[in-house]
Amino acid sequence: DAGVIQSPRHEVTEMGQEVTLRCKPISGHNSLFWYRQTMMRGLELLIYFNNNVPIDDSGMPEDRFSAKMPNASFSTLKIQPSEPRDSAVYFCASSRQVVSGNTIYFGEGSWLTVV
Amino acid sequence: AQKVTQAQTEISVVEKEDVTLDCVYETRDTTYYLFWYKQPPSGELVFLIRRNSFDEQNEISGRYSWNFQKSTSSFNFTITASQVVDSAVYFCALSEALETSGSRLTFGEGTQLTVNP
């Protein structure tokens, strides 16, 4: 079975540009998560969806960040305009049920560099 | 609030040594789940194990073993006869029950394990 698929794997962009990260969760999973990993803050949850509905976006750092899940098999995380401090690895993850403790599986990450 | 602490930032061992990675957690939930993930140099996060709060039985999987002790709020991970391929960052994580629905992970800071030949 395919795992969580993220694109692009690597992106280098200039400050001020729009960045869109994409994610396809594991088929049959109905919870989707976006995490960010930095050296300073470690792994932090940005937002998560259940059944395509955003449940908690309190981790989204600023209004420059937005996330959507138009259907069960696709989600985007957009940064507009991007800034150098947004440079990080962005992980998408999914899990099967809306129940505490179900295993969350991660994609390979999108490595973003904003110069 | 949930919290996971991995006090060991870096550990360096020689191949074939045993190594234990410590994890201490804080939660007010009576039902919770603990996880370990591995992040090799290639960057992906690989799921290793999940353990619920009602099951304190230790688990062994090949060279990996996990010791869950509720009394000390610890969930330690031991690699026996370490190998160079075990070199990675290892994260301990806690799943919290949310009022709205669903679950999310709170991660520790990670332990960088280096196994030298």
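In this predicted model, β7(A) and strand β8 (residues 74-79) of chain A pair in the antiparallel sense over five bridges; two strands count as paired if DSSP finds at least two bridges between them. Within this pair, Lys68(A) sits opposite Thr76(A) in β8(A). Both strands belong to an open, antiparallel sheet of four strands in the order β1-β3-β8-β7 (chain A). β1 (5-7) and β7 (65-71) of chain A are at the edges with a single partner strand each, so one side of each has no neighbour in the sheet. Strands here are DSSP runs (E, at least two residues), numbered from the N terminus.

As for charged pairs, there are 12 salt bridges over all chains, each being a side-chain nitrogen of Lys or Arg within 4 Å of a carboxyl oxygen of Asp or Glu. Arg51(B) takes part in a salt bridge with Asp55(B) (3.8 Å, N to O) and in another with Glu59(B) (2.3 Å, N to O). Arg51(B) is buried at 5% relative accessible area, while Asp55(B), at 26%, is partly exposed (buried is under 20%, exposed over 50%, partly exposed in between; 1.4 Å probe, protein chains only). Arg63(B) and Asp86(B) form a salt bridge too (2.8 Å, N to O), so parts that are 23 residues apart in sequence get tied together.

Residues are numbered from 1 along each chain as its sequence is written, and chains are lettered from A and ligands numbered from 1 in the order written. Local features need pLDDT of at least 70, side-chain atom pairs count only at pLDDT 80 or more, totals for chains, interfaces and linings use all residues, and side-chain values use heavy atoms, leaving out hydrogens and water.
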